[in-house]
Each structure stands twice: as C-alpha cells, then as structure tokens.
Amino acid sequence: SNLRIVAVDFQHQAMAVRLLCLAAAVAGAATTRLQGQISIPSGGKFSGKSYMSSTRLILDGGVHEALPSADGSFEIDGVSEGAHSLQVAHPELKFEPVFVETTSRRDGTLQVNAFQQDIQHGKQAKLKYPLSLSPTDTVSYFEAREEFNILSVLYKNPMMLMMVFMGGMMFLLPKLQPDPETLKQLQQPQASEEAPARRKAK
C-alpha cells in the first residue's frame, strides 16, 4: 500500500512539473504589438459624421480587441506568432478584413506582415506596415425599392400578357369594320352598275 501511495505521489509531482513547464513555455512565448492607423475620409459619402468613436478592432474573432484613439491610431498587444485575422467593426462603415502573419526573427522578436484577406483564397496583396486602414463603403440596412415597370410585369405573367392582347383586339376590331354610311356609299355605285346589266340580259 505504501508503494502505491508513493507511486501516486510521484505521478502527481510529474504532472505538476509538466504543467509548470507548459506554463513557463507559454509565459516565455514571444509576442508582439500590432500597430496601425484608421483613416476615414471627410468628404463624399463619409462626410457629416464622427465615426471614430464607434470603431472597434477585433483580432481572431475576439481573442484581442482594441479601440482606436481620437486620431485613429491603434495598438493591440500580446499578438503571438502565427496567422491572424484582423477586422474593423463599425455599424455604418465597411472595412475589408486583413490577414496578419507574424514570424520569428533570429533575435527572438516577431516580424509582422499584413495582407489583404479573401475569405475563399486567403491572403492577397501585401499591405504596408504599420497598417493604414480606410473604409471601402457605407453599410446599407435597407434595400432600394425597385421602380414599377409595366413591361417586367407583363413578361413575368403570361396571363396578364394575354389579357392585354385580348383587350387590344376588342378595342381594334370595331375600328377595322367599315362605317354603315361609308358601306352604303360603296354599295350604291355597285347597284347602279348591276341594274343596266340586268335589263340587257332580259
């Protein structure tokens, strides 16, 4: 029984040593600071509002978050080595995501490289660092109402097109029939020509 107790204690101590080594490795892992500037144009569709106070930077889906200063500069500390995704969140502005890649240098520090990010194809064109981010568009929560077009309604609904055709025929057919007075005038010369022909035949 004493041997079992000693063995259990030894296992606990070994596990504790492993946890301490893991904690030390995590604590000693190199990290870096992500820096950049958010620039919002003052004219065009972006004019008339102060957007910076509602802007938030999100790294890796919320692992790190930061708020820009009044002039748009920002810093995110504790960025570890590897690939990261940076997003600028704003309720009214649209920013393109950024692919951030940190690699280790010979001196143990981390180098930061940033690229345009595509959801399907990953990193694209390389960006300057420190980052300079600007909105690409404003966010629209309402779809523009389509203008009414009678032709599109007719093309999409064959029954409506047939009804319009029948209505047009009913309107045009009476006009194609000759007027009664005109018909009488046309019949009179024909009757006068037929009368002598009958007399000769008799």
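1. Two strands count as paired if DSSP finds at least two bridges between them. E1 and E10 meet that cut-off: they pair in the parallel sense, over three bridges. Ile38 has Leu133 in E10 as its bridge partner. Note that this is a predicted model.

2. Overall content. The protein chain holds four helices and eleven strands. Of its 202 residues, 18% are buried. The accessible surface is about 15,900 Å². Carbon and sulfur atoms hold 58% of that surface. Among contacts with a separation of 6 or more, 56% join residues 24 or more positions apart.

3. The three-stranded sheet. E1 and E10 belong to an open sheet with the order E4-E1-E10. Its pairing is mixed. E4 and E10 are the edges, and each has a single partner strand, so one side of each lacks a neighbour in the sheet. From one strand to the next, the twist averages 30°.

4. The six-stranded sheet. This one is also open, and its order is E3-E2-E5-E7-E8-E9. The pairing here is antiparallel. Strand E3 (64-66) and strand E9 (122-127) form the edges, and each pairs on one side only. The twist averages 30° between one strand and the next.

5. Strand E2 covers residues 56-59 and pairs with E3 over three bridges, antiparallel. Leu57 has Ala66 in E3 as its bridge partner.

6. The loop between E2 and E3. Asp60 lies here. The relative accessible area of Asp60 is 27%, so the residue is partly exposed.

7. Strand E5 (residues 82-89) pairs with E7 in the antiparallel sense, through five bridges. Ser85 stands opposite Phe99 in E7. E7 and E8 also run antiparallel, and seven bridges join them. Thr102 has Val112 in E8 as its bridge partner.

8. The hairpin of E7 and E8. Five residues lie between the two strands. Gly108 has a positive phi in this hairpin, near 95°.

9. Aromatic pairing. How many aromatic pairs does the structure hold? There is one. The ring centres of Phe99 and Phe115 are 6.4 Å apart, and their planes make an angle of 55°, so the pair counts as tilted. Phe99 sits in strand E7 (residues 98-104) and Phe115 in strand E8 (residues 110-118). They are 16 residues apart, and the pair links distant parts of the chain. Both Phe99 and Phe115 are buried.

10. The largest nonpolar core. In soluble globular proteins, nonpolar side chains tend to be buried together. The largest such core in this model has 21 residues. Leu34, Ile76, Leu86 and Leu131 have the most contacts inside it. The elements giving two or more residues to this core are strand E1 (31-38), E2, strand E4 (73-80), E5, E7, E8 and strand E10 (131-133). E4 gives the most, with three residues.

11. Around Ile76. Which residues does Ile76 touch, leaving aside those up to four places away in sequence? They are Thr32, Arg33, Leu34, Leu57, Leu59, His64, Ala66 and Leu86. Leu34 and Leu86 are among the residues with the most contacts inside the core.

12. The cis peptide. The bond from Tyr129 to Pro130 is cis, with omega near 0°. Pro130 is in the loop between E9 and E10.

13. Thr138 is found in strand E11 (residues 137-138). Is this residue buried, partly exposed or exposed? Its relative accessibility is 30%, so Thr138 counts as partly exposed. Leu93 is 45 residues away from Thr138 in sequence. In space, the two are 4.4 Å apart, C-alpha to C-alpha.

How values were computed
Residues numbered from 1 in each chain as written. Predicted model: local features only at pLDDT ≥ 70, side-chain atom pairs only at ≥ 80, totals over all residues. Heavy atoms only, no water. Axes fitted to C-alpha atoms, helices over the stretch in contact; angles between N-to-C directions. Phe/Tyr/Trp six-rings, centres within 6.5 Å; stacked < 30°, edge-to-face > 60°. Buried < 20%, exposed > 50% of the residue type's maximum accessible area, 1.4 Å probe, protein only. Contact = heavy atoms within 4.5 Å. Areas by Shrake-Rupley, 256 points an atom, 1.4 Å probe, with all protein chains shown as cover. Core = buried A, V, L, I, M, F, W, Y, C linked by side-chain atoms within 4.5 Å.
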